[in-house]
Amino acid sequence: MVNGKEQFSDLLFVREYKNDGFGNTCPFICFGLVDYVSSIGDKPMSINWKMQQLILPQFLKIG
């Protein structure tokens, strides 16, 4: 709480695949704190986030 008000932070967790080749559930990776930018649609909803820190290069796909 800050000045008597609750404060919340959003954390972004991602995974590339729902299941691995053996049918096991893949783990989520925490990418860190994000700030909400905008959202559109529903079922599925698309949300734009602004990262508060850089994403590690091994998690980026270029091309």
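Select Cys30 to begin. Its sulfur sits 17 Å from the closest cysteine sulfur, the one in Cys26, which is too far for a bond. Everything on this tour comes from a predicted model, where local features need pLDDT of at least 70 and side-chain atom pairs count only at pLDDT 80 or more, while totals for chains, interfaces and linings use all residues. Residues are numbered from 1 along each chain as its sequence is written, and side-chain values use heavy atoms, with hydrogens and water left out.

(Buried means under 20% relative accessible area, exposed means over 50%, and partly exposed is in between, using a 1.4 Å probe and protein chains only.) Cys26, by contrast, is buried, at 17%.

Now switch to a cartoon view and look for the strands. (Strands, labelled E, are DSSP runs of at least two residues, numbered from the N terminus; helices, H or I, need at least four.) Three strands make an open sheet, ordered E1-E2-E3, with antiparallel pairing. Select residues 10-14 for E1: this strand and E3 stand at the edges with a single partner strand each, so one side of each has no neighbour in the sheet.

Next, show E1 together with E2. These two pair in the antiparallel sense over five bridges, and two strands count as paired if DSSP finds at least two bridges between them.

**The loop between E2 and E3**

Follow the chain out of E2 and select Lys43 and Pro44. Both Lys43 and Pro44 belong to the loop between E2 and E3. Look at the bond that joins them: this peptide bond is cis, with omega about 5°. Stay on Lys43 for a moment. Its phi is near 50°, a positive value in a residue other than glycine. Is Lys43 buried or exposed? With a relative accessible area of 83%, Lys43 is exposed.

**The aromatic pairs**

Phe31 belongs to strand E2 (residues 29-40) and Phe59 to the segment after strand E3 (46-51), so the pair ties together parts 28 residues apart in sequence. Show the surface here: Phe31 is buried at 17% relative accessible area, whereas Phe59 is partly exposed at 35%.

Then move to Tyr36 and Trp49. This pair is edge-to-face, at 6.1 Å centre to centre and 80° between the planes. What does the pair link? Distant parts of the chain: Tyr36 is in strand E2 and Trp49 in strand E3, 13 residues apart. Tyr36 counts as partly exposed at 48% relative accessibility, and Trp49 is partly exposed too, at 31%.

Conventions. Rings of Phe, Tyr and Trp (its six-membered ring) pair if their centres lie within 6.5 Å; planes under 30 degrees apart count as stacked, over 60 as edge-to-face and the rest as tilted. A disulfide is a pair of cysteine sulfur atoms within 2.5 Å.
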